[in-house]
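Trainee: I have a new model open on my screen, and I would like to learn how to read it. Could we go through it together?

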Amino acid sequence: GGAGITNKRLLSYVEYGLQTNTLLRKSKAYTFDTGDAPPFSTNTVVAAPVTTTSSPLASGVIGFQTAFLNKDGSWSLAYNSRFDTNAATASNPSIAIRISLLVVSGEGMKRLQSTGKISDLTSSMAVPNSEATNASGSPEAWWNGKINGDGIDPQFARFLHAFERLFFLPN
């Protein structure tokens, strides 16, 4: 594919994100052509996805964070491809992805919604980007620090659970 080519190639990818305390999976399809790059690449494709579909995966999720572990041990919020046209990025590819979730149990969600405090809690638990990319930090540790410290009302803290896993990527 490319500009002026009639037999264009399709590219599809999956994106995860939060919407109204629900973890969503968004499937997007792009056509290679001139235009903007998708969020994971410097290669150009049509500016907008050809199709997008969303489906809920889990409710009660109030925190979701991903970060990539790079070959040199650094963390980044963006994926570094070994095929990137930027030599610095290509020489330091991502080797793993860390997925972090902060979940409210069913009973806790009911209480938070009945008191109108879910939005305040979600805002107070937003992980700063500097923490997500800090080599010695992690969203799970940051959330647990707030849950077990002075950051969260004790009547709601017992309903919060942080999870984090590291998945190595194929090379």
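Mentor: Threonine 20 has a relative accessible area of 70%, so it is classed as exposed, which here means over 50%, while buried means under 20% and partly exposed lies in between (1.4 Å probe, protein chains only). Before you ask more, note that this is a predicted model, in which local features need pLDDT of at least 70, side-chain atom pairs count only at pLDDT 80 or more, and totals for chains, interfaces and linings use all residues. Residues are numbered from 1 along each chain as its sequence is written, and side-chain values use heavy atoms, with hydrogens and water left out.

Trainee: Where is the place of threonine 20, and what is its phi near?

Mentor: Most residues other than glycine have a negative phi. Threonine 20 sits in the loop between strand 1 and strand 2 (22-31); helices (H or I, at least four residues) and strands (E, at least two) are DSSP runs, numbered from the N terminus. Its phi is positive although the residue is not glycine, with a value near 50°.

Trainee: Is asparagine 21 buried or exposed?

Mentor: Asparagine 21 is in the loop between strand 1 and strand 2 as well, and it has a positive phi of about 60° without being a glycine. Its relative accessible area is 17%, so asparagine 21 is buried.

Trainee: Which residues is threonine 122 in contact with, leaving aside its neighbours within four places in sequence?

Mentor: Threonine 122 is found in helix 3 and is partly exposed, with a relative accessible area of 24%. From threonine 122 to asparagine 21 there are 101 residues in sequence, yet 8.4 Å in space, C-alpha to C-alpha. With contact meaning heavy atoms within 4.5 Å, the residues you ask for are Asn21 and Ile62.

Trainee: Why do the buried residues of helix 2 line one face of the helix?

Mentor: In helix 2 (residues 106-115), the buried residues are Gly108, Met109 and Leu112. Seen down the helix axis, they line one face because they fall within an arc of 100°, an arc taken from the directions from the axis to the C-beta atoms. Lys110 and Ser114 are exposed on the other side of helix 2. The cover over the buried residues includes strand 4 (61-70), strand 6 (94-104), helix 3 (118-124) and helix 6 (154-157).

Trainee: Which residue follows helix 2, and what is its phi near?

Mentor: The residue to look for is glycine 116, which comes after helix 2. Its phi is positive, near 70°.

Trainee: How many helices and strands are there in the protein?

Mentor: Reading along the sequence gives the pattern β-β-β-β-β-α-β-α-α-α-α-α-β. Of the 171 residues, 36% are buried. The count is six helices and seven strands.

Trainee: What percentage of contacts between residues at least 6 apart in sequence join residues at least 24 apart?

Mentor: Take the contacts in the protein between residues at least 6 apart in sequence. The share that joins residues at least 24 apart is 57%.
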